[in-house]
Amino acid sequence: MEEVKKFKRIGVLTSGGDSPGMNAAIRAVARTAKHYGMECVGIRRGWQGLITSDFVILSADMIRHILGLGGTILYTARSEDFMTEKGRLKALGTCKMLGLDGIVAIGGDGTFKGALELSRLGVPVMGIPATIDNDIGCSNYTIGFDSACNTAIECIDKLRDTMQSHERCSVVEVMGRNAGFLALYVGIAVGATSVLVPEKELDFEKDVVEKIQNARLSGATHFMIVVAEGAGSAIEIGARIKEAVGIDPRVTVLGHIQRGGAPTGRDRETATRMGYFAVKAFAEGRSGSVICTQEGSIKEIPIEEALKMEKHLQMYRYDILEAISAPGINFH
Ligand code: F6P
């Protein structure tokens, strides 16, 4: 029988854009490591920290009360150096020097590309998907998405109060990089007049002008247009609305506020589950995978395969929005 590799000390890092729930994942990794009799070292500033030997021993005190804390106590970065062989060899040196038997990397696609390269140098790795964009192909859900949605929804609800009072049009830009998951989810939840996403080619007349006109005809006196950052600039959309419809919209770019704040229950729970399963895999001698959620359950998908997987925006959600928002004059 093949002997199961014994993991005695592991590292954990967060890399790429931070997302609410990363701390919950760090805590779960460190506590599960303890459960299996492993030591856990925190690598600060993502892959860059592995190159520069920037580490901290994750003591019980360090991870106490971080379950509900936004951001990441380990800091995060996007490392150019790790993209070079020289950088990765230095990182390998740090793993050897610290006696790390494996690394849990928490982040998005860029983080997993780094993890794959490190695994090719012989370091066992496990990935945990965390990004507010929810744009990781292998996993239905990524840590931070729910929190970011709720933050955006709270902000837009506030905007709506003042837009309604002044009978204005609001154009709100939300994050999401090249994906429209955040914008569409938020748009449905705030009852947006229209949502513009990168996955759907913009027909300005149909998607914006007609939607505003229909909403007006059904009695609306204020309008909410949600723009995914990947679909274009809210400032430009606002200017086009002014020109085409003759109303003067107010533009808000929500920006990094969406990445902050306490994680929601869903993000804390998912992060804890994923952190646990990542370390359990090490304890059982497995590595080289991303911990994913698929139809609610946890799956381990080999990193190389995970990186090739695609996830498409569920267009039925767009259809729901089309059916419900801006119903037009026949509504009564
Ligand atoms: O990937 C998370 C994200 O917040 C994207 O939604 C956004 O496009 C990007 O990061 C912003 O990156 P930065 O923090 O470098 O400005």
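Start at G176: one of its backbone N or O atoms lies 3.1 Å from an oxygen atom of the ligand. Keep in mind while looking that this is a predicted model.

Next, select H256. An N or O atom in the side chain of H256 is 3.0 Å from an oxygen atom of the ligand. Then select R259, where a polar side-chain atom lies 2.8 Å from an oxygen atom of the ligand.

Now show the whole shell. Besides G176, H256 and R259, the residues around the ligand include R78, T131, I132 and D133. M175, R177 and E229 are also around the ligand. Colour the shell by residue type: two of its residues are nonpolar, three are polar and five are charged.

In which pocket does the ligand sit? The ligand is in the largest pocket.

Zoom out and colour the protein by domain. Domain 1 takes in 9–144 + 263–308, and domain 2 takes in 146–260. Domain 1 is therefore to be selected as two stretches of the chain, given as 9–144 and 263–308 in the domain assignment. To view where the domains meet, select the 15 residues of domain 1 that are in contact with 13 residues of domain 2.

Finally, return to the ligand with the domain colours still on. Which domains supply the shell? Domain 1 and domain 2 each contribute at least three residues to the shell around the ligand.

Terms used: Residues are numbered from 1 along each chain as its sequence is written. This is a predicted model: local features need pLDDT of at least 70, side-chain atom pairs count only at pLDDT 80 or more; totals for chains, interfaces and linings use all residues. Side-chain values use heavy atoms; hydrogens and water are left out. A residue is near a molecule or strand if one of its heavy atoms lies within 4 Å of it. A polar contact is a pair of N or O atoms within 3.5 Å; within protein, one must be able to donate a hydrogen and the other to accept it, and residues adjacent in sequence count only if both atoms are side-chain atoms. On a 1 Å grid over the protein atoms alone, a cavity is a set of points where a 1.4 Å probe fits but cannot get out, and a pocket is an open set with protein on both sides within 12 Å along at least five of seven lines; lining residues have an atom within 4 Å of a point. A molecule sits in a cavity or pocket if more than half of its atoms lie within 2 Å of its grid points. Ala, Val, Leu, Ile, Met, Phe, Trp, Tyr, Cys and Pro count as nonpolar, Asp, Glu, Lys and Arg as charged, and the others, Gly among them, as polar. Contact means heavy atoms within 4.5 Å.
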